[in-house]
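Trainee: I am new to this structure. Please take a close look at a single part of it and describe what surrounds that part.

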Amino acid sequence: MSVQSETLEQFATTVQQQVIAHVEAEAEGAFKEEMFVHVMLAYLADAGEIEDAEVCLHRAKGIQVSGYALSENGESLDIIVAIHTDIAPPQTVGKAETDAAIKRAVQFFNSASAGYHHEIEESGAVFDAAQQIYNARMCDLTQVRFLLITDGIVKNPPPKDKDLPGIRANFEIWDIERLYRLVTSGLEREAIEIDFVDALGSPIPCLVQPDTTPGYSAYLAIFPARALVELYGKYGARLLERNVRSFLQARGKVNSGMRDTIRKEPGMFLAFNNGLSATAEAVTIEDLPEGGKGLRTIHDLQIVNGGQTTASIFHAVKRDKADVSQLFVQVKLTVLNDPAQMDTVVPLISRYANTQNKVQEADLAANDVYHRKLEELSRTVWAPAKQGTQRQTHWFYERARGQYLNEHLHAGTPGKIRDFEAMFPKAQLFAKTDLAKVMVTWHLRPDIVSKGAQACFLWFMSNLEKIEEKDGKLDAQGFERIVAKIILYRSAERIIKHKEMPFTGYWANIVTYTVARLVQETDNLLDTGRIWKEQKISAVLETAINDISRSTWSHITQPYGGSNVTQYCKQSKCWTAYLDRIVCVPAGVKAETLSGMNGTKPRGRANADTIAVQETIKRVKAIESSQWFAIHTWAKDAGVLNGIQLEQVVTFAEIAGSGGAFTTRKANEAAKILDTVSSKGYVLHPGSAS
């Protein structure tokens, strides 16, 4: 057996073990196939092959779907279907099996487009998937991609791209061998290979920069619009440099002026538009029969400026049936002599080229200093030994995709591999997207987390400076706080997904909203130091998560206006509405906070503001439920409070009566009402707050 096949076998076994680890980490009843889809989609998201996707296992007669991803602008859709063999070394998956799986995925799309959600139960991921596809099909959807994922080896190619009624369909297969090549290549994504002779019938004429500039080569070309339509139709957002892609994804509506030019004056587009800036790792240049040079092939094309232009042309053709035969776009193509410089230079090109749409600095490049520091701390800070053991371990932060796998495989002998696993347990591995999900939740934006891993990470990086300012600097103690938050979040996942819980879906949404509400109810004063020291959360916090999650479930499954649950969770109004809802929080949770531990002063970044908050909470909690109701009666008769304030007083009475916690916001509102009624002549009972 060759070294290459042994390494592929190792990788297949690693994926298999990752699936098993996910199953073991989940509550009872987790399916291997579901966890396999999770693992594969995580790899594909890291590689930029897919944006935020939802796992959605469903199978009926002639129908199968394992996951889906609908772009935020509703224009492109991914349908994922899985063949999980659970066999290592990997076995060949035959053409009949792959064809049948893809056919079932296409049938799911067709059924969803025709209103399949009316035939199935109104809960869970499959209902949301079918409903969203139906709505998108009625509106903006122009492109669908069917992805087959498998832990087997597929020898046959995917079906050729084709046009469904009013929509372009692409097909891809990601087997274990293709994924292995990507992961072990060290690339950030699988390179796009373009041959213009195959695509268009001839090379594209170009001007070549004189060979006088060291470090890169540059080419100027005028692309026919049909070339961009073909490329975008086949590769979609993969053509766009990743950070710019994320920026444009959220702003995907076609510029109206550009659209009008495409439809009404295509011949003027070249004069009106600034064109594209693109990069490539390598190109092939040919001499043209009529003289001059032409671009024959491009290896790893990435558009760093002009994504809006490309998408606009594509959608004008597909949606508006625009004639672009006379439309051309100028393209500046930069090829770096040293491919290793791509990750450094491409963001700089993006930064200086993106002037038509303002792109913030944080949209273009991650703050690598922060992630390198976090990586360093994860290798040097020892976690306390868990109860009943003496072995200390590390929490492994995977700054770059595949780090853990590579270090694991390169540990050497079986003994050293065992030592590596003991020092860096798989259960204590966390990646960038895990970090972002937890930190954004802690900063009370579960709506952002619900948008998916990539959108969440983008928000995290865009707000990193504010997050660091609030949480404190990233040192050893800062790392411990981060890990403690991860422990609490993962504990919430375990509790909420337990088979005895009443939830039938939307687990990811329930987790982020529940943890955010717990953080909000405790004014971000949970004792993370205790969680870090014990490497687990207390029984009181487990009970709190259990109780709050039930309120969360009730809230999100009754979306405002009867909208789709998944989409509702992505909206800020879902979170603000939840804040107005009373939740049950065990009284013992106060002892889990820094301010409730026998008078211990808050640690970390606590200051006069924090102390003032605690004094306000203490003041309003001194008011008993009966007096709040008395205030309500008096204020209503005296006409000193408006309708909203009177409703708030009832809420405060219910909180006091149930022994619930006053959040900072509610405490401030209550204090203002106490001040108002006191100034108007209401006399608080003896022994109450003043």
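Strand 5 (residues 143-150) is mostly covered, with eight of its eight residues buried. Strands here are DSSP runs of E, at least two residues long, and are numbered from the N terminus, as are helices (H or I, at least four residues). Buried means under 20% relative accessible area, exposed over 50% and partly exposed in between, with a 1.4 Å probe and protein chains only.

This is a predicted model, in which local features need pLDDT of at least 70 and side-chain atom pairs count only at pLDDT 80 or more, while totals for chains, interfaces and linings use all residues. Residues are numbered from 1 along each chain as its sequence is written, and side-chain values use heavy atoms, with hydrogens and water left out.

In a regular strand the side chains alternate between the two faces of the sheet. From strand 5, Gln143, Arg145, Leu147 and Ile149 point one way, and Val144, Phe146, Leu148 and Thr150 point the other way. The residues of both sets are all buried.

Strand 5 also has pairing partners; two strands pair if DSSP finds at least two bridges between them. One partner is strand 3 (residues 76-83), which runs parallel to strand 5 and is joined to it by eight bridges. Within that pairing, serine 76 has glutamine 143 of strand 5 as its bridge partner. Strand 8 (residues 167-174) also pairs with strand 5 in the parallel sense, over seven bridges. There, alanine 169 in strand 8 stands opposite valine 144. Glutamine 143 and valine 144 point opposite ways from strand 5.
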